[in-house]
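Subject: Structure handover and notes

Hello,

Here is the structure for you to open alongside this email. My notes follow below it.

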Amino acid sequence: MFSESHPAFRSRIRFFYVVVMGVFLTLFFRYWYLQVVRGNSYFQAATENTLREITIPSRRGTIFSIDGQILADYKVAYDIMLDRSTFRTPRLKSIAEFLGLSSDELRDRIKRYRKVPLYKPVPVIENLSFSEIAPLEARKKDYPEIFIELAPQRSYPFGGLFAHTVGYIGEPTVREARKLTTLQKVGKMGIEKSYDDILRGKDGTRRIVVDSSNHFIRTQLIREPHNGKDLTISLLFPLQQLAMKNLGKFQGAVVVLSPRDGRIFALVSAPTFDPNILTFRFRRKEWEALKVTVGNPMLNRAIQGAYPPGSTFKPLVALAGLNAGLTSRTHFTCTGGLEVGGRTFLCWNKEGHGSLSLTGAIAHSCNVYFYNVGLKIGIEKLWPVAKEFGIGLRTGIDIPGERTGLLPTPEWKRRETGRPWFPGDTLNTCIGQGYLLMTPVQAASVTASIANNGILLIPHLINETGKKWIRGKVDLPAKDFKTVKRGMRMVVTGGTGVALSGLGLPIAGKTGTAQTVSGADRKSLELSWFVGFAPVRDPEIAIAVIAEKGGHGTDTAVPIASKIFKFFRDNREAFK
Amino acid sequence: MKGRFDFPLFLVVILALILGMTTLSSAAATVKGGETLISRQLIWICIGLALGTIAFIVNYRVWIEFAPVLYSIAMCLLILVLIFGSTVHGSRSWLNLGAFRLQPSEPVKLTVLLMLAWLFKRDKTSRLNFKSIVKSVLVIGIPVFLILLQPDFGTASTILIMGAGGVFLLGMRPRVYLLFFILITAVGFGSWNYMFKPYQKERVLTFFNPERDPLGRGYHVIQSKVAVGSGQLTGRGYRKGTQSRLKYLPEPHTDFIFAVYAEEFGFAGVVVALIILFLIISRMINISQMAYDKPGMIIAFCTAVLLFYQIAISTGMIVGLLPTTGIPLPFFSYGGSGIITYLIMTGLVLSVFWNRFQRV
């Protein structure tokens, strides 16, 4: 052997051997000390888990109306958090009692967080006031698993008034949660949803050390919270209030917007709901109840209600007619009805309107005149113009959930029903009935486009203007717009909307009464419509009003519109 | 000849592998893709056993003849990894070779070992002369330097210590030791002030008093101490360690794997593991004493030094005895390049024992 004949190596190897022995003995004693001598206290430390990760809530941006009202804000509130890594099931009953919950309820609440890592504490009770937490704070020593955290609660001071526009926040879905790092709430509807990335801040993180009696020893900031940005939206608080009040008991919607830049001054859908109750995690029952409430208050009728537009569609038909060769002097005679294909299509005036020009037909809302326009130009000349104005397409309004409505074409009918397009379908479409469906925001948007001679704007709630909010331009001659606007002006000066003539404001508009079948009983109901704009020259507002079961356009929609125009007349400055 | 295969060493290595796989199968459960980690490690172990067998069957003296070639290839790989390598945890230490990834710094340990043996295979002195010292320093220094560039502090220190162990075994004059001491102090002082990254300084600093900063740098040490301590005498049971389950331990499948073991099997388990690991090292030391020639002695001794260093750091770090440098525990930690290297080294040491009476 080599080392036997070389004693120098042998001693060096022995030296190393001694080092190894020494180190292993040290390790042995160290592990013995940690695991046997101090094992019990480390075991305690592990079970009580002395380190916690705490979320420092970021502030979600405040939402203001254009006139400075706070529409969404925060109020100080506290959450009771459960630290599930130290929580043991046998303690469930005692903790539930302490918190004033049933054991089943607490178990359900804990179960919601199955996918959240155990070391992250989760809220089991939320929205407590300072006086409510005081007794809990006093007894926290007995309940080391729970602690109290400041958790500002989103509040909507005006309740239902802005529910459909501002929206509300709530628990993220599994998909939404992927972009979050903390247990944050996200926008679920309206502005809160569409501008969630701007409004929502980024929560911070803090690690804290607590001792075995739940007293906090040390703390360290891991990540600073970043607050969300505030937003101002273009809604006018008093106008919104006025529209809601005057819509009253009716189900329906009001949309007021600027034909200059697309900003929305009022958007109301009735009935409405209180968004404040939807932001809570543990109020599922109320939410379920809301979903089955008569009238479906969660539905935003202004952008999701698809209605036949009735006579408010006639100005568009007139534009299509002018485009297809008719002139302002083209006359048709109304005898109270028109027979086509062995069927009589009626005018609302059974005596008949006699001979009418295009403008007169708009003013008196003569069905027979527009039946004749339909027969003359045909559906193939009508629907492309309607499509250019955005019928059957989303307006692109900056809140989610908008519906498209429906623009029927022969091809569509064949595809959907398997039957061909009949001349009668054209006639029905010409008076805004049949398959045609529009949302109130579309009606307001089309009215605005007529008012501004064909510029298609994207209706929006965010208070900004510019090219971004222009969709395009309808390619029709200015004189055609002038003709149709003259007809709409005549509606107010001497036609179906004469009730609006006394305001001292040059208003143009169009009334509408549409029939639709709704609900399980398939009962026919009348929709009361009004669309209009003012002033006729260089318009500043365009509106659409619809009231379900509101009778004729003149019965319900026109008086509501009258209040809105009156407000506009008295507060012109606010609309600048 | 009868009794020439060293069953004791073979047996304790197999036992260590079994303990290691058991712990890994618990630790991997908390890591992303844990299932595949376990099956992959099993494949690596099989490859390692096969290569170790080959290393054993082919006489270690044959391997030494190839040392310069193997060493050159390894240095090329280290340069390649600096250029084409992929970065994991901030160091560029992996080569993508299509089907699998290689961490060249692990096999480099093996080639440095063989290279030292090759350098002194005909050396008859019991002390290194100046020329030999320069040669050894170069053989050790080049890979250490290249690995520091990655930068992989842990592996570089492993090779440095193994090489230093070899140089110590071969012997130097007392005044050369003194010279080295002064040099190292100066280099250490210089690099502390000019070369070390702040996080490396932090690690060394908190080593002295981790408890003063429980939420920052000392966090991992405290958490692993809690894990080890809470194991108490008998452990919390296989797959029942709360510290590792709740992800308080960083890298539970590599650097902190012994904390998982200590938490789940307690002091009793730790004693068993320490005895097994101690037996591996002491048996290798014995074999180095029994080696027929100088290269055989170097191979067995340096392997013992390498394993000892990694074991001491990895088990000492988690209980706050040594700074957290991120060195894997041989036979326990996940990692293909590592386990294959250790098993080939074991094969070589077994070959040294097998050929202990044999002339070339």
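In which sense do strand 3 (residues 70-75) of chain A and strand 7 of chain A pair, and over how many bridges? They pair in the antiparallel sense, over three bridges. Tyr74(A) faces Arg154(A) of strand 7 of chain A across this pairing. Strands and helices here are DSSP runs, numbered from the N terminus; a helix is H or I with at least four residues, and a strand is E with at least two. Two strands count as paired if DSSP finds at least two bridges between them.

First, the ground rules. This is a predicted model, where local features need pLDDT of at least 70 and side-chain atom pairs count only at pLDDT 80 or more, while totals for chains, interfaces and linings use all residues. Residues are numbered from 1 along each chain as its sequence is written, chains are lettered from A and ligands numbered from 1 in the order in which they are written, and side-chain values use heavy atoms, leaving out hydrogens and water.

**Sheet and hairpin in chain A**

Back to that sheet. It is open and has four strands, in the order 7-3-2-12 (chain A), with mixed pairing. Strand 7 (153-155) and strand 12 (231-233) of chain A are the edge strands, each pairing on one side only. From one strand to the next, the twist averages 30°. In general, strands of a sheet pair through backbone hydrogen bonds, either parallel or antiparallel.

There is also a hairpin. Strand 16 (residues 337-340) and strand 17 (residues 343-346) of chain A run antiparallel and are joined by four bridges. Gly337(A) sits opposite Leu346(A) of strand 17 of chain A. Two residues lie between the strands of this hairpin, and Gly341(A) takes a positive phi near 60° there.

Two cis peptide bonds turn up here. One runs from Ala270(A) to Pro271(A), with omega near 0°. Pro271(A) is in the loop between strand 14 (264-270) and helix 11 (284-291) of chain A. The other joins Ala534(A) and Pro535(A), with omega about -20°. Pro535(A) is in the loop between strand 22 (523-534) and strand 23 (541-548) of chain A.

Asp538(A) belongs to the loop between strand 22 and strand 23 of chain A. Its phi is near 55°, a positive value in a residue other than glycine. Asp538(A) is exposed, at 54% relative accessible area. Asn127(A) is not a glycine either, yet has a positive phi of about 60°. Asn127(A) is in strand 5 (residues 122-128) of chain A. Asn127(A) is partly exposed, at 21%. The cut-offs are under 20% relative accessible area for buried, over 50% for exposed and in between for partly exposed (1.4 Å probe, protein chains only).

Thr346(B) is in helix 13 (residues 336-354) of chain B. Its relative accessibility is 4%, so Thr346(B) counts as buried. Setting aside residues up to four places away in sequence, Thr346(B) touches Leu9(B), Val13(B), Met284(B) and Phe331(B). Contact means heavy atoms within 4.5 Å. Phe10(B) is 336 residues from Thr346(B) in sequence, but the C-alpha to C-alpha distance is 8.2 Å.

Ser562(A) lies in helix 21 (residues 557-570) of chain A. Ser562(A) is buried, at 18% relative accessibility. Beyond its neighbours within four places in sequence, Ser562(A) contacts Leu500(A) and Leu503(A).

**Helix packing**

Helix 5 (residues 130-148) and helix 6 (residues 153-170) of chain B pack at about 170°, with axes 8 Å apart. That makes the two helices roughly antiparallel. The contact includes Ile140(B) and Val144(B) of helix 5 of chain B, and Ile159(B) and Leu160(B) of helix 6 of chain B. By class, this contact has ten nonpolar, three polar and no charged residues.

Helix 6 of chain B also packs with helix 1 (residues 7-37) of chain A, at an angle of about 140° with axes 8 Å apart. These two helices are therefore oblique to each other. Phe9(A), Arg12(A), Ile13(A) and Phe15(A) of helix 1 of chain A meet Phe168(B), Leu169(B) and Leu170(B) of helix 6 of chain B. This contact has six nonpolar, no polar and one charged residues.

On terms: axes are lines fitted to C-alpha atoms, for helices over the stretch in contact, and angles run from 0 to 180 degrees between N-to-C directions. Under 35 degrees is roughly parallel, over 145 roughly antiparallel, 65 to 115 roughly perpendicular, and the rest oblique. Ala, Val, Leu, Ile, Met, Phe, Trp, Tyr, Cys and Pro count as nonpolar, Asp, Glu, Lys and Arg as charged, and the others, Gly among them, as polar.

Best wishes
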